[in-house]
Amino acid sequence: MNNEQQRIEELAVNLFNINAVKFGEFDTKSGIKTPVYFDLRVIVSYPDVMELISDLIYEFAFKEMDCVHICGVPYTALPIATLLSVRAKKSMLMRRKEAKAYGTKKMIEGHYEAGQSCLIIEDVITSGSSVLETVKDLRKEGLKADRALIILDREQGGRENLAKNDVQIKSLFTMSKLIEILVQKEKIDNTMANKVKKYLLETPAAVKIDSLEDRTLLTYEQRSELSTNTVAKRLFHIMSAKKSNLCLSIDLTSTIKILDMIEKVGEHICLLKTHADIIEDFNTDFTVSLKNLAKKFNFLILEDRKFADIGNTVALQYSKGIHKIAEWADCVTVHSLPGEGILKAINNSCDNGIGSRGVFLLAEMSSEGNLITTEYTAQTVKMASKYPNVLTGFVCQTKESFNDPRYIQLTPGVQFECSKDELGQVYNTPEKVILEKGADVVVVGRGIVTAKNPEAQAVLYKNVLWSNYLRRVSGKIE
Ligand code: S5P
């Protein structure tokens, strides 16, 4: 028998001896009787058991894990996390059970930076809901929380619930393993073991957790606090300040017409989306005027360049040529098709002193018959999550594409009527994209630009989009 196995068995017996696991007939909160009962809180009175648990977690699970912080789920796992933190020389974070009533409303104590990884430690999981509470608070702070180490997995659905929320667990014991050891060590007999097994099979955890809180229920202010990309943070602020989540797609081909249109509608938008390569008389004076107007009316500029080449070419397309996009656009659109290099290219350009810039990654498209699949969308979101500092959000059509509240859903294909144009553009209504499809910023192009009175039309769009946003977050407004 190997050493790991021996020590696991030793721990099982110890837990039984100190009554951290009891067999018999017990009442549960739900009223159902259970033949097995755990109370791992008692371990604090047994330093040898504490040491054994932390040694086992460290040796057999923790050592190979790469994380910056560890966080114990309050309260039982806190001392275990503390021992591990000291042993592994890793920073520990503490999650409060309740936010402080005064001062900062912080839920996580300790020093950390958004984007860092945090491993969660928990004693027992049933449905996984307490681990998930901790995951939720850590993710709100921008921390990466996707792994948890558990002492005992009761095998009642917790592992699956957590996996659905992108949290993978590793446990010292599963319930079946614990039972098997205790039978073998003659601590319980086969009749009791079968009773417990039967109970576990028949009693899956009552709580089924499908997903973390829906990002679309949070306000833009709340989300601005979570953003890890400067452009996303600024955009959330602008939206709240101007009470506008309208992005104008200014698909005009002359600089005069563009500047003239901005004078009319600039006041009503949070974001201006350009296609520099359709402008016939593009020049540097134009970009200076564009930036001045962005300042005057307080909106950001998105160049809808839809980069889709290898990183090196994109780095050049982004900063060189006639357009020198990096100099005037706050953010750009990018396809995920070529892979991560494209994000690295923009990220490196930002690091090279161009300032804080952002990327909207195309995760879905509005055009009929486009070749994007759900798998492509999921892979796009996964790839992007490695670049939280450069990622502003996703250009997409559905709420289900992603749920990270730090990122902005930019949704084009919007007009007052559900319709199509002759080249396959599909339009949904403002109400539908905000309430059903999860849009945060809504792109309107021809719906405003070709209207008889673009300013009046922009006001109409702004108001209807904003009132639907307010409806969406109504539960969250204090
Ligand atoms: O999927 C997409 C992505 C984008 S960025 N569908 C789109 O229509 N767009 C852009 O949004 C498109 O290039 C155009 O500039 C704008 C929609 O314009 P509209 O006139 O159809 O509202």
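Q: In what order do the strands of the open sheet come, and what's the pairing like?
A: This is a predicted model, to be clear. In it, 6 strands make an open sheet, ordered S5-S4-S3-S6-S7-S8, and the pairing is mixed.

Q: Which strands stand at the edges?
A: Those are S5 (108-109) and S8 (168-174). Each has a single partner strand, so one side of each has no neighbour in the sheet.

Q: And what packs on the sheet, touching S7 and S8?
A: Helix H6, residues 175-184, does that. Its direction makes about 15 degrees with that of S8.

Q: How many bridges join S7 to S8?
A: There are 6 between S7 (residues 144-153) and S8, and the two run parallel. As an example of who faces whom, Asp 153 stands opposite Thr 174 in S8.

Q: OK, S6 next. Is strand S6 buried or exposed?
A: Buried: 9 of the 9 residues of S6 (residues 117-125) are, so the strand is largely enclosed by the rest of the structure. The cut-off for that is under 20% relative accessible area.

Q: What does S6 pair with, and in which sense?
A: S3 (residues 69-72) pairs with S6 in the parallel sense over 4 bridges. S6 also runs parallel to S7, with 7 bridges joining them.

Q: What unit do S6, helix H4 and S7 make?
A: A right-handed β-α-β unit, with H4 covering residues 129-140.

Q: Zooming out, which domains does the assignment give?
A: Domain 1 covers 3-202 and domain 2 covers 217-474. Their C-alpha centres are 43 Å apart.

Q: What about the overall span and the secondary structure?
A: The C-alpha trace spans about 85 × 50 × 45 Å along its principal axes. You get 18 helices and 18 strands in total.

Q: How much of the protein counts as buried?
A: 53% of the 478 residues. On contacts, if you take those with a separation of 6 or more, 69% come from residues 24 or more positions apart.

Q: Let's switch to annotations. Where does UniProt place "binding site"?
A: The unreviewed UniProt entry puts that feature at Asp 251, Lys 273, Ser 366, Gln 425, Gly 445 and Arg 446.

Q: Where does Asp 251 lie, and what is it in contact with?
A: Asp 251 lies in the loop between strand S9 (246-249) and helix H10 (255-265). Skipping neighbours within four places in sequence, Asp 251 contacts Lys 273, His 275 and Ile 278.

Q: How accessible is Asp 251?
A: Its relative accessibility is 39%, so Asp 251 counts as partly exposed.

Q: Last one: is Leu 271 buried or exposed?
A: Buried, at 0% relative accessibility. Leu 271 lies in strand S10, residues 271-274.

Q: What does Leu 271 touch?
A: Not counting residues up to four places away in sequence, its contacts include Leu 246, Cys 247 and Leu 248, along with Phe 299, Leu 300, Ile 301 and Leu 302. Cys 331 is another one of them. Leu 271 and Cys 331 are 60 residues apart in sequence, and their C-alpha atoms are 10 Å apart in space.

How values were computed. Residues numbered from 1 in each chain as written. Predicted model: local features only at pLDDT ≥ 70, side-chain atom pairs only at ≥ 80, totals over all residues. Heavy atoms only, no water. Pairing = 2+ DSSP bridges. Contact = heavy atoms within 4.5 Å. Axes fitted to C-alpha atoms, helices over the stretch in contact; angles between N-to-C directions. Domains from an automatic or database assignment. Buried < 20%, exposed > 50% of the residue type's maximum accessible area, 1.4 Å probe, protein only. Right-handed = clockwise from strand over helix to strand, strands pointing away. UniProt positions renumbered as here; feature names shortened; annotations may be inferred.
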